Amino acid sequence: MIESLLVANRGEIARRVIRTAKRLGIRAIAVYSEADADLPFVTEADEAVLIGPPNPAQSYRNVEAILAAAKSTGAQAIHPGYGFLSENAEFARTVEASGLIWVGPGADAISAMGDKINARNLMAAAGVPVAPGTTDPAADLDAAVTAAAEIGYPVMVKAAAGGGGMGMGVAVDEAALRTEYDKVRAFAGRMFGDGSVLIERYFPRVRHVEVQILGLADGRVVALGERECSVQRRNQKLVEESPSPAVSPQLRARLLAAAVRAGEAVGYRNAGTVECLLDPTSGDFFFLEMNTRLQVEHPVTEYVYGIDLVEEQLRVASGLAPTFDPEALAPSGHAIEMRINAEDPKRFLPGPGVIRTWVEPTGEGVRVDSGYTGGNTVTPFYDSLLAKLIVTGETRAEVLERAEAAVAAFQIEGPKNNVPFFAELLGNEEFRSGAYDTGIVSRMR
């Protein structure tokens with residue numbers, strides 16, 4: 001097993017990885033920016049290294065500073081968490097070229113799945129269903145217009161190198177396409193350094209369902225069930241649950257088999273997620289993208305399958321067998337995760353500030369993965385995620401009841417936060433019925 005691990009991230013995910021590392025007897029090393037010096041993950045690590053000012057480009061995306069910290073502390077491996085450099089193939093290559101262990105999929109898999117057009121084509125060749133769309137980038141506006149006419153409106157205009165719900169726009173006709181194409185192309189160039197755009201069929205009423213996969217050290221790829229991720233604002237997730245209320249045993253078998261084929265097509269190792277769009281009426285699903293990293297929402301899978309995904313990541317990276325029998329995976333129970341963000345619960349606009357009060361809920365079936373505590377300052381430099389409230393139980397009905405109590409008990413004063421939104425959602429009949437889709441938040445607003 002790896003003996004020392006540097007976590008190249010911050011906040012709740014750094015704290016989460018550090019917790020498992022320390023439980024396994026692995027020396028846990030944190031890196032932090034000047035803005036994060038007082039956060040819990042820094043003090044909970046066995047060792048912590050300041051790597052730069054608040055600007056992520058000068059700290060959490062600063063490859064030289066991170067590698068220097070690894071060298072100075074004698075780290076054996078690097079875990080990238082999610083976001084920042086986690087899906088940067090060049091960083092993965094640099095880490096391994098430096099003689100360190102990369103706790104994640106290989107750089108080739110990251111590269112293959114990082115470009116949405118290439119990923120779509122690979123998946124189609126592997127027999128994974130893909131939505132109608134372009135097989136090459138739309139080189140210019142005329143090409144985009146021609147492609148959209150062939151696919152049929154409405155269409156999604158997407159940054160080929162995008163991710164996390166960013167770099168996307170919907171066009172219901174040619175006039176809208178002309179606007180969205182230029183907008184997405186410019187955004188993609190600024191954010192991802194690649195202005196390539198693809199055109200894909202847009203489904204107004206769909207569910208967003210994803211499958212957790214794990215590529216084992218022996219070369220096998222296993223699927224650890226699905227997660228429902230349809231509660232979203234601006235194409236970014238707010239709530240995830242497992243299992244999905246929309247997925248029957250027959251559909252689950254098809255989804256999991258497709259996800260395994262997706263992983264096998266790129267020789268996948270370590271944790272990853274195959275994201276799909278699901279038409280709840282027909283039961284048809286289409287490959288959306290693959291996230292070549294640990295997901296924010298991994299705790300719901302951990303509960304349903306009774307495993308620690310971070311431990312499994314470390315075991316794969318160490319060349320060890322998993323803690324579970326891949327031939328006897330048996331899900332049990334239900335879990336829901338709510339992303340507690342520092343944002344206005346109505347318009348979802350960021351609201352940083354000093355946390356004056358922080359009281360986490362407790363009780364049976366309640367877990368909180370937090371990045372902050374009372375007295376900390378939420379700065380505008382990073383993602384607004386404060387914590388993840390995970391509620392578990394034997395049935396969805398039991399989980400909903402526990403979730404209502406947990407949300408009512410979560411007290412945060414200081415920065416704006418979206419806890420009131422979850423109280424509203426948990427009382428919403430569409431959500432409670434389980435028959436919701438990606439438009440639920442817009443309908444609530």
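**Terms put to the test**

Tutor: A search of the whole structure finds 1 cavity of 30 Å³ or more. The model is predicted: local features need pLDDT of at least 70, side-chain atom pairs count only at pLDDT 80 or more, and totals for chains, interfaces and linings use all residues. Residues are numbered from 1 along each chain as its sequence is written, and side-chain values use heavy atoms, with hydrogens and water left out.

Student: What makes a set of points a cavity?
Tutor: On a 1 Å grid over the protein atoms alone, a 1.4 Å probe fits at the points but cannot get out. The largest cavity has a volume of about 30 Å³, where volume is the space filled by probe spheres set on the points, joined across faces, edges and corners.

Student: Which residues line the largest cavity?
Tutor: Among them are P80, G81, V103, R293 and Q313. To count as lining, a residue needs an atom within 4 Å of a point.

Student: Why is N270 called buried?
Tutor: Buried means under 20% relative accessible area, exposed over 50%, partly exposed in between (1.4 Å probe, protein chains only). N270 has 1% relative accessibility, so N270 counts as buried. Its phi is near 80°, positive in a residue other than glycine. N270 sits in strand β12 (residues 270–278). Strands here are DSSP runs of E, at least two residues; helices are runs of H or I, at least four; both are numbered from the N terminus.

Student: F348: buried or exposed?
Tutor: Buried, with a relative accessible area of 4%. F348 also has a positive phi, near 65°, and is not a glycine. Its place is the loop between β14 (334–341) and β15 (353–354).

Student: Why is β8 called largely enclosed?
Tutor: In β8 (residues 197–201), 4 of the 5 residues are buried, so the rest of the structure largely encloses this strand.

Student: What about β4 and β5?
Tutor: They run parallel and are joined by 2 bridges. That meets the rule of at least two. A77 stands opposite I101 in β5.

Student: What is the strand order of the open sheet of 5 strands?
Tutor: The order is β3-β2-β1-β4-β5, with parallel pairing. β3 and β5 (101–102) are the edges: each has a single partner strand, so one side of each lacks a neighbour in the sheet.

Student: Where does α3 lie?
Tutor: Across β1, β2, β3 and β4, running at about 150° to β3. Axes are lines fitted to C-alpha atoms, for helices over the stretch in contact (heavy atoms within 4.5 Å). Angles run from 0 to 180 degrees between N-to-C directions.

Student: Which residues of α3 are buried, and what covers them?
Tutor: In α3 (residues 63–73), they are A65, I66, L67, A69, A70 and T73. Their cover includes β1, β2, β3, β4 and α4 (89–97).

Terms used. 1 Å grid on protein atoms, 1.4 Å probe; cavity = no way out; pocket = protein on both sides within 12 Å on 5 of 7 lines; lining within 4 Å.
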